[in-house]
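Here are a few notes to read alongside the model. Take them in any order you like.

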Amino acid sequence: MTTSRRLIASLRTPLGMLALLACAALLFLVVLGPVIWGTSAAATDTSKIATGASPEHPFGTDGSGRDILLRTLVAARLSVTMALAATAVGVSVGIVVGLLPFILGGRFGQWIVAGINIGVAFPGLLLAISFSVILGQSGLAATLAIAIAMVPSYGRLTHNLGASVWGRDFISAAHVLGVPVWKTVLRHVLPNVRDPLIVNAAVTSGNALVSFAGLSFLGLGIQVPHYDWGRMLSEGMSRIFVNPAAALVPGIAIILAGLTFVLLGEVLGAALGTGTRGSVIAKFRRRQKAREAVLESPASSTLSLSEDAVYSVRNLRVSASGHHGEPNDLVKGVSFDIGRGEIVGIVGESGSGKSLTLMSLAGLIESPLYVSADSAHFDGQDLTIRADGHPARLDRHFGEKLAMVFQDPMASLNPALHVGGQVAETGLLHLGLSRAQARDRAIERLEDVRIPDARRRYGQYPHEFSGGMRQRAMIAAGLMGSPSLILADEPTTALDVTVQAEILTLLRQINADVGTSIVFVSHDIAVVTSLCTRVLVMYRGHLVENISAEALRAGHAEHPYTRALLATVPTMSTPRDVPLPSIPDGTDFLAEADQQEPSDAECAPGPEVSSTTNSVSGTPAASAPIFEEESR
Amino acid sequence: MTRALSFDSVSISYGRGVNTFTAVDSVSLRLVPGEILGLVGESGSGKSTLARAAVGLTEPAAGHIRLGDTVISNATGTAVKERRRIQMVFQDPQSCFDPRRTIGESLDEAIVAAHRRENEPRPSTRSRAARVSELLDSVSLPADRAASMPAELSGGQRQRVAVARSIAAKPEVILADEITSALDVSVQGTVLNLLRELQQELGFSLLFISHNLAVVRAICERVAVMRGGRLVEVGETLDIMESPKQEYTRELIAAVPSL
């Protein structure tokens with residue numbers, strides 16, 4: 001969705017409507033307020049000095065007999081424009097200051113950053129008051145003072161946001177091309193940090209309004225004969241017991257205007273994607289749609305399930321709701337069994353649905369995606385919807401019977417905790433072990449995955465482990481129980497090839513020693529073929545091939561995609577000096593397979609596939625949401 | 001005219017005092033004009049750091065980097081311009097384009113930068129647009145892709161545009177840093193074939209950094225092996241693959257999967 005579309009969408013929410021309305025009202029007051037009520041607000045009524053509410057003056061009059069309400073309405077222009085001017089100046093200077101260190105670099109840059117840090121240490125209002133005193137008592141001086149007080153925090157914000165962009169490759173590419181640094185900053189850094197700054201500036205305008213009122217209240221801001229809300233507040237305060245409205249009405253105006261800016265910030269934040277995206281209501285609607293879709297399906301079909309399967313699913317679908325609410329399937333009905341003691345590889349390119357399939361096996365798919373299947377069984381237990389209508393939870397299988405290994409071991413280990421404690425945690429949470437028992441078993445498991453000097457390593461932090469060792473520790477954590485299945489999502493992709501070989505050996509050994517089944521997802525068909533006993537090939541959400549690794553190696557792949565994929569893997573016997581084989585853009589293997597052999601995509605059993613059902617595209621039948629995300 | 005890129009006992013370190021970490025330890029390596037040299041090694045072996053030093057993204061603590069006879073390390077003045085004759089293609093196709101600028105704008109920036117380097121007048125908008133189409137065509141992408149945002153392109157297509165961007169700078173040397181490791185194997189061939197074709201056509205030399213020995217073997221004439229910041233082996237690709245002298249090289253070769 002484009003930004004303008006998102007802006008319209010967020011303006012159409014109740015919050016957006018309110019913000020729009022409030023902004024329109026404020027704008028009206030600022031532009032037309034003094035024009036319409038200017039003269040009548042200035043009219044003094046000497047017969048009614050400092051009176052309370054009356055039909056003529058609904059909120060009474062001030063010390064010169066002028067109408068409080070009209071004066072409040074007229075004061076909007078000065079209050080709001082001063083606040084906006086201060087914000088504009090403060091934010092602009094802050095952005096320049098925050099970007100300068102990138103342009104100057106070196107020592108000058110460091111000095112500026114240090115200056116910003118010192119500035120941030122002082123409270124903003126304190127800075128505003130001090131500068132206001134120094135600059136003198138006038139509206140302009142107060143505007144400048146408030147702007148100056150904003151500079152450090154905006155400098156810091158801009159610099160922090162910029163620093164995260166500065167490390168990216170497109171900045172390096174600009175350097176290498178010789179683009180001048182100031183151009184790089186204006187062209188590549190500023191647009192990429194713009195959104196959070198805009199949202200913050202909207203909220204800051206509200207703060208500036210309040211600060212301004214504060215300064216005027218102290219007598220530092222606007223001076224007579226001009227008046228703003230703060231000035232009126234200060235005048236009204238002295239008579240608060242005589243006519244409370246004299247102080248309360250401008251006070252309420254300040255609050256309402258401040259709220260308007262905060263609301264505007266919220267709406268902009270939603271539109272620019274800096275806040276939380278997707279309202280709770282939208283999520284609820286999507287879920288409801290998913291349930292309705294399930295209920296509309298015909299009655300459930302019975303499919304024979306093989307006895308010795310650890311995991312079996314029929315017609316597994318992972319869907320996202322599309323633009324207009326209709327489900328958009330990302331995994332389009334796959335069915336397979338994972339036999340006991342098998343190592344099954346799921347291979348496919350990015351976007352083929354292989355990781356989604358694995359994540360749905362683990363019950364880790366979260367909204368806005370949802371999972372459905374005709375049936376799903378893990379270790380003999382039905383995982384589909386229970387009799388009471390609630391989806392069965394898979395959580396309790398974790399740690400005990402099901403282990404998961406992720407791609408990035410640095411992300412799956414908490415950097416602030418000892419590795420050993422994180423391995424032992426499974427024992428404490430799921431197996432009911434005591435702390436000492438869990439520790440002993442964790443050390444044992446770390447030794448099992450061949451981490452040298454496991455007792456000492458137990459107390460180390462993740463950053464003290466190498467990538468390969470971290471992945472071993474994750475596997476050790478999975479082995480704390482006696483899992484019947486390990487789900488591994490690209491566990492070696494982030495590792496060096498030599499380390500990858502070690503992890504593969506370890507997985508093979510666990511499989512041989514304990515008989516644990518493994519599902520291994522990878523984009524690398526060569527790795528999968530060397531490790532696994534059976535290979536599932538996924539292509540655009542379909543399971544196109546289900547073949548034993550042996551048959552695959554022997555060249556018995558049936559689907560044209562599998563054959564093409566195999567052909568693209570470079571090996572030590574790939575001919576040199578000729579173009580490498582590749583799959584050109586826009587090749588549609590599903591259409592190709594249909595043309596070649598109509599039954600190809602329907603059923604592609606490997607010649608020697610054992611004990612497993614090979615129905616590739618499941619029979620169209622009822623889908624029950626399985627282990628759909630519950631509110632966690 | 002292509003000149004040789006040479007590293008003379010280059011050392012690069014990070015940090016100060018006790019925390020000094022030497023990423024590259026007196027490496028001497030020469031990239032012969034017009035050749036494809038493979039640079040292999042595990043992560044942390046210093047191969048990317050060496051390449052980043054050649055384009056000025058980091059500077060060596062000791063030693064010199066030369067393009068022909070010009071010293072381009074710790075460069076000032078005209079040497080900085082010379083250094084732009086070396087271009088780099090990065091690993092991550094997600095991060096190598098500004099997400100807020102179209103593909104055409106990114107290529108245009110490279111074209112303008114190349115003209116500025118030569119002190120030539122800035123070409124007209126029309127001729128720059130024509131050059132953008134030409135560059136896209138050279139990497140087998142339709143000209144209308146110029147209006148696309150990076151997010152609308154696949155990883156393989158983005159990597160091809162990254163190659164086009166480096167070509168726009170009329171380079172003598174291109175450093176390709178693991179350019180296919182984030183891509184699917186099915187599109188890896190497309191990107192590499194293209195790079196090789198362009199190399200033959202335009203005659204730049206290519207430093208091909210990779211950890212995939214099978215790919216290196218397929219496209220490189222010579223191979224250099226780095227480990228722990230040191231250069232452990234350099235030689236003809238087939239010699240090294242058939243009779244590696246270093247244990248580490250042997251491990252790398254053994255790690256190549258066979259089907």
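1. Start with burial, since it comes up several times: a residue is buried if 20 or more other C-beta atoms lie within 10 Å of its own, exposed if 12 or fewer, and partly exposed in between, with C-beta atoms placed from the backbone. A:Leu268 is buried, having 22 other C-beta atoms within 10 Å. You'll find A:Leu268 in helix H10 (residues 245-272) of chain A; helices here are DSSP runs of H or I with at least four residues, strands are E runs of at least two, and both are numbered from the N terminus.

2. Before going on, keep in mind that this is a predicted model, where local features need pLDDT of at least 70, side-chain atom pairs count only at pLDDT 80 or more, and totals for chains, interfaces and linings use all residues. Residues are numbered from 1 along each chain as its sequence is written, while chains are lettered from A and ligands numbered from 1 in the order in which they are written.

3. Which residues does A:Leu268 touch, leaving out those up to four places away in sequence? They are A:Ile198, A:Val199 and A:Ala202, where contact means that the C-beta atoms, placed from the backbone, lie within 7 Å. A:Leu417, on the other hand, is 38 Å from A:Leu268, C-alpha to C-alpha, and 149 residues away in sequence.

4. Chain A as a whole has 22 helices and 11 strands. Of its 632 residues, 47% are buried. Looking at contacts in chain A between residues at least 6 apart in sequence, 70% join residues at least 24 apart.

5. Have a look at helix H8 (residues 181-217) of chain A. Its 37 residues would reach 54 Å in a straight helix at 1.5 Å a residue, but the end C-alpha atoms are only 45 Å apart; the expected span is 1.5 Å times one less than the number of residues. H8(A) bends by about 50 degrees at A:Arg194, and the proline A:Pro196 follows within four residues. That bend is the angle between axes fitted to the seven residues ending there and the seven starting there. Just after H8(A), A:Gly219 takes a positive phi of about 85 degrees.

6. Two residues other than glycine are worth checking for phi. A:Arg450 has a positive phi of about 55 degrees and is found in the loop between helix H15 (435-448) and helix H16 (454-457) of chain A. A:Arg450 is partly exposed, with 14 other C-beta atoms within 10 Å. In chain B, phi of B:Ser140 is near 55 degrees, again a positive value. B:Ser140 is found in the loop between H4 and H5 of chain B and counts as partly exposed, with 15 C-beta neighbours inside 10 Å.

7. How do H3(B) and H4(B) cross? Their axes come within 10 Å and cross at roughly 110 degrees, so the two helices are roughly perpendicular to each other (65 to 115 degrees; under 35 is roughly parallel, over 145 roughly antiparallel, the rest oblique). Axes are lines fitted to C-alpha atoms, for helices over the stretch in contact, and angles run from 0 to 180 degrees between N-to-C directions. B:Gly104, B:Leu107, B:Asp108 and B:Ile111 in H3(B) meet B:Arg128, B:Arg131, B:Val132 and B:Leu135 in H4(B).

8. Last, the contact between the chains: 44 residues come from chain B and 42 residues from chain A. On the side of chain B that touches chain A, H6(B) gives the largest share, eight residues.

Definitions and conventions
Two residues are in contact if their C-beta atoms, placed from the backbone, lie within 7 Å.
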